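Me: I am new to this structure and would like to get to know it step by step. Please show it to me, and then let us talk it through.

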Amino acid sequence: MAKSIASRAENYSQWYVDIIKKARLAEHSAVRGSMVIRPYGFAIWENMRDQLDRMFKETGHMNAYFPLFIPKSFLSREADHVEGFAKECAVVTHYRLMNNPDGDGIIVDPEAKLEEELIVRPTSETIIWNSYRDWITSYRDLPILINQWANVVRWEMRTRLFLRTAEFLWQEGHTAHATKQEAIGEAEKMHEVYATFAEEYMAMPVLRGTKTDSEKFAGALETYTIEALMQDGKALQAGTSHFLGQNFAKAFDVKFANEENEQEYVWATSWGVSTRLMGALIMTHSDDDGLIIPPKIAPIQVVIVPIPKPNDQVDEVAHQIMDDLKSKNITVEYDNDPKSRVGFKFAEHELRGVPVRIGIGKRDLEKNQVEIARRDTKEKSFVSLNGVSDYIENLLSDIQDNLFSRALEFRKEHTTEVDTMEEFESVIESKGGFIYAHWDGSPETEEEIKKRTKATIRCIPLNAVEEEGTDMISGKPSKRRVVFAKAY
RNA sequence: CGGGGUGUGGCGCAGUCCGGUUAGCGCACCGCGUUUGGGACGCGGGGGCCGCAGGUUCGAAUCCUGCCACCCCGACCA
């Protein structure tokens, strides 16, 4: 086993890193906290991106692009916003280098200091709302429904591949509306788009909910979140959608004339998902043999392996199968590299998470069949040649469903209702996962629980059942349970 | 920013404590041959300013000083 990876049980973080490296998704770069996304990893991200992009466009949004650099003064216009991001901003102070007069190399030219420093965007609300001021004068200009695909920089103390890197790729939607109701509707709509994407494409069940004040986006009145559960029992915030009220409109003086010709501030939303979804994908489905990718976002859905190596007869069958699959819009690759061996190829494609493998050998062809192996369960079946493409079409859909239900089952097993702190602490320490408990709504008890257990409120679930109860710490009354977990 | 760890061919490591021939091993790579239904084997080969800069010494991967980088664990955040 040349490429063995750590097992989840023995070392979960190492398992995670091993999968990323051995499946060649990404690697650490020369720059601290920044990663190189390799072609296979990027192909998965592209599939996520394309799907999301389609969903954004279907809901009426258009893409645009705003600058990477934000004048420092912009960031400070909205008080909560600057407080949230100030501690992790990269700042551009100079615009020129020069040869070091005292020796080797180059230095920053002290003469080339910027009048106003520029912030490398940690998010783009401010630079975008500065433009919106010019774009909006009347209710006829609204709504503005814009998304941008971009990189952002947040100078994190501690980084992990995909989950938290200093620079990451994401999309950020920024919309402007005439009414509060419409803006809230937009934030909710995009929240649901994220949830649908996560569940239908990534096969990752998510909880839909809102954030408490302490977990909200800096500058938001309401943050909607989708929360997923990873295999180590920790929660991962996978996407957020914010109702921003009129905070940014006020900060950037964005007003419009309503139908009565009265000046009003514009209502805003923003929403985003990032390459963090890659981390969610890995930790939701993969096993000790490597990556598992849901068929709907797998760069290669089917790989054909000649056994033991390519020859004319196998090639012919392989190409026939490929044509059939391609006509069904199934992506397929023929691994006819004569230099590596069968066992190696099997292991390699499993490691990289290809959902379905077709093995074609002489013994199969004598029986007019091929061997088909599915990555999620590792089951193999023999399928007669004339039924291969239909079989695979069904199988891919089966795998997609199975991954979702497997993850959902895991979540059910790792979801617990508790009523006392004793239970809470024992569940957190033993199996982790989501814990439904009553909360009195105060930041103090939330903080106290965090201090004692490291668990935070992941969300206040939408459509929660109304239920009388008492807070585990304060004993004060509560009307519904909220979801706690240790989080990434 | 605190604590811990690691820097030695592309990757993973040994060697460092106790300085001493041409710095070694596994994987990967190149060549030839034999193999081939689950990560092949044999033989031959190429590749290393030992993180960087000083210092000690006849002699430094090894000892000393300084610096840098990255990883892991915490506090903070997506």
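Me: Let us start with one residue. What is the relative accessible area of Asp253?

Reply: Asp253 counts as partly exposed. Buried means under 20% relative accessible area, exposed means over 50%, and partly exposed is in between (1.4 Å probe, protein chains only). Asp253 falls in that middle class because its relative accessible area is 41%.

Me: Before we go on, what kind of model is this?

Reply: Residues are numbered from 1 along each chain as its sequence is written, while chains are lettered from A and ligands numbered from 1 in the order in which they are written. Side-chain values use heavy atoms, leaving out hydrogens and water; local features need pLDDT of at least 70, side-chain atom pairs count only at pLDDT 80 or more, and totals for chains, interfaces and linings use all residues, as the model is predicted.

Me: Back to Asp253, then. What is its phi?

Reply: Asp253 sits in the loop between helix 7 (247-251) and strand 14 (255-257). Helices (H or I, at least four residues) and strands (E, at least two) are DSSP runs, numbered from the N terminus. Most residues other than glycine have a negative phi. Asp253 is not a glycine, yet its phi is positive, at about 55°.

Me: Which residues does Arg133 touch, apart from its neighbours within four places in sequence?

Reply: Arg133 belongs to helix 5 and is partly exposed, with a relative accessible area of 28%. Contact means heavy atoms within 4.5 Å. Leaving those sequence neighbours aside, the residues in contact with Arg133 are Arg77, Phe252, Asp253 and Val254.

Me: Is Phe162 buried or exposed?

Reply: Phe162 lies in the loop between strand 9 and strand 10 (167-177). It has a positive phi of about 65°, although it is not a glycine. With a relative accessible area of 2%, Phe162 is buried.

Me: Where is the cis peptide bond that involves Pro143?

Reply: Pro143 is in the loop between helix 5 (125-135) and strand 9 (144-153). Most peptide bonds are trans. This one is cis, with omega near -5°, and it runs from Leu142 to Pro143.

Me: And which residue does a cis peptide bond join to Pro308?

Reply: Pro308 is found in the loop between strand 17 (302-307) and helix 9 (312-327). Omega of the cis bond is about -5°, and the residue joined to Pro308 is Ile307.

Me: How many residues of helix 8 are buried?

Reply: The buried residues of helix 8 include Leu277, Met278 and Leu281. They pack against several elements, among them helix 1 (12-22), helix 6 (180-201) and helix 12 (388-413). Helix 8 is largely enclosed by the rest of the structure, because the buried count is 10 of the 10.

Me: At what angle do helix 2 and helix 8 cross?

Reply: Gly41, Ile44, Trp45, Met48 and Leu52 of helix 2 meet Leu277, Met278 and Leu281 of helix 8. The axes of helix 2 (residues 39-58) and helix 8 (residues 276-285) come within 10 Å and cross at an angle of roughly 110°.

Me: How far apart are the end C-alpha atoms of helix 2?

Reply: Buried residues of helix 2 include Tyr40, Ala43 and Phe56, whereas Glu46 is partly exposed at 30% relative accessibility. The expected span of a helix is 1.5 Å times one less than its number of residues. For the 20 residues of helix 2 that should give 28 Å, and this agrees with the distance between the end C-alpha atoms, 28 Å.

Me: Finally, what is the radius of gyration of chain A?

Reply: Chain A holds 14 helices and 27 strands. The radius of gyration is taken over C-alpha atoms, and the globule rule is 2.2 Å times the number of residues to the power 0.38. For 488 residues that rule gives 23 Å, and chain A is close to this, so it is as compact as a globular protein of that length, with a radius of gyration of 26 Å.

Definitions and conventions: Axes are lines fitted to C-alpha atoms, for helices over the stretch in contact, and angles run from 0 to 180 degrees between N-to-C directions.
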